[in-house]
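Colleague: Could you show me how to read the pairing and burial of a strand in a model like this one?

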Amino acid sequence: MNSSLCLTATAVAAVFALLAVTTTRFSPPPEYLDHRKTEYAVIHGGVGPESFAFDAGGGGPYTGVSDGRIIKWLPEERRWIDFAVTSPNRTGCEERENAEEGEERCGRALGLRFGGGGDLYIADAYRGLLRVGGDGGLATRIEIQREVLQGFDCIFTFANALDVDEASGHIYFTITSSQYPRRNFVSAVLSGDHSGKLMKYDPESKELNLLLDNLSFPNGVSLSKNSDFLLLAETTKCRILKYWLKTPKIGSYEVVAELPGFPDNIKPSPRGGFWVGIHSRRRGLSRVIMSWPWIGKGLVKLVPFNIERVYSCLGKWIGSGGVGIRVSEEGEILEVIEGKLLGGLKWKSISEVEEREDGVVWIGSIDTPFVANIKI
């Protein structure tokens, strides 16, 4: 009995540490963007606007939410409209309290990106790669030949982020885990799972290629302006990788940034560099668990309760953990957005920061029923 209580307490402390907030700031902070006059675009019927996309005409943002919908923001009317869904079975999907349990059936669109032809490409955590036309509706799976899929069934395990090279049409996307589905993402982090992959798909030739393997929770991916390299967030290891697509370094990668928190999505900034959404900071017990993976693996196997549910419960009591940072191509920190300064609301996490040419920055989170925007 005592050992069970001890293990439970340890697990609670571990998950708490992974989400914990500290007032310690990045050192040295180049520039903190303190924008207290933040506007919010409230989402009805769903939470978790993880990633954004804007169409060729600048319309949007478009974002995916917890009940499986992809929604579009109408700035003139200041409201969201339904744009697309990734699953034909929508029975019960609107029941927000059961969104987590229904994700596999209802779909969960994460990465979004418009391609050169006007189609919206989607990385759905359970259904893999999909696309939908400019008029929206039901998204369809991108057809990948059966013989190509052999050995790559994991693309439907936990597809996460993507980017599209408009010149070539190539789609670069991440498989966060080949072992754990999205609903068990906390277990993937705690266990030190390194079954993630970086993939490339050519819609014209139908060729699917594995670029990097054995990654620890690969997450956001973003192409450079000239598509000569891409940046990749490796969440569990709190770092950013640069993978070369051209130049004599083609096929090689290097670590360009070691971060003090768990990175999520990456998006280019029109002023140069890339914005990285930081889910939460890494410190205390979380450092120990990440340094000694056997601890996390033991917790995942032995804890007598659903560790994802613990995460959800503790998340209600924790705030101000989200951070957005702009980094150069070499990983130098250029700017910082503190989640706790966004209109006085407490942000448990920030999943993405998308800066537009007009200086408006859109901010998403897996925890909020709204999207924030600020003017730089």
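Colleague: Which residue in E12 stands opposite Ala-159?

Modeller: This is a predicted model, in which local features need pLDDT of at least 70, side-chain atom pairs count only at pLDDT 80 or more, and totals for chains, interfaces and linings use all residues. Residues are numbered from 1 along each chain as its sequence is written, and side-chain values use heavy atoms, without hydrogens and water. The residue opposite Ala-159 is Ile-175 in E12, a strand (a DSSP run of E, at least two residues, numbered from the N terminus) that covers residues 171–175.

Colleague: In what sense do E11 and E12 pair, and over how many bridges?

Modeller: Two strands pair if DSSP finds at least two bridges between them; here E11, residues 159–164, and E12 are antiparallel, with 4 bridges. Together E11 and E12 make a hairpin with 6 residues between them, and in its turn Gly-169 has a positive phi of about 85 degrees.

Colleague: Which strand do 5 bridges join to E12?

Modeller: That strand is E13, residues 196–202, and E12 and E13 run antiparallel. Within this pairing, Thr-174 has Leu-198 in E13 as its bridge partner.

Colleague: How many residues of E12 are buried, and which lie on each side?

Modeller: In a regular strand the side chains alternate between the two faces of the sheet. In E12, 5 of the 5 residues are buried (under 20% relative accessible area with a 1.4 Å probe, protein chains only). Ile-171, Phe-173 and Ile-175 lie on one side, Tyr-172 and Thr-174 on the other, and both faces of E12 are covered.

How values were computed
Buried < 20%, exposed > 50% of the residue type's maximum accessible area, 1.4 Å probe, protein only.
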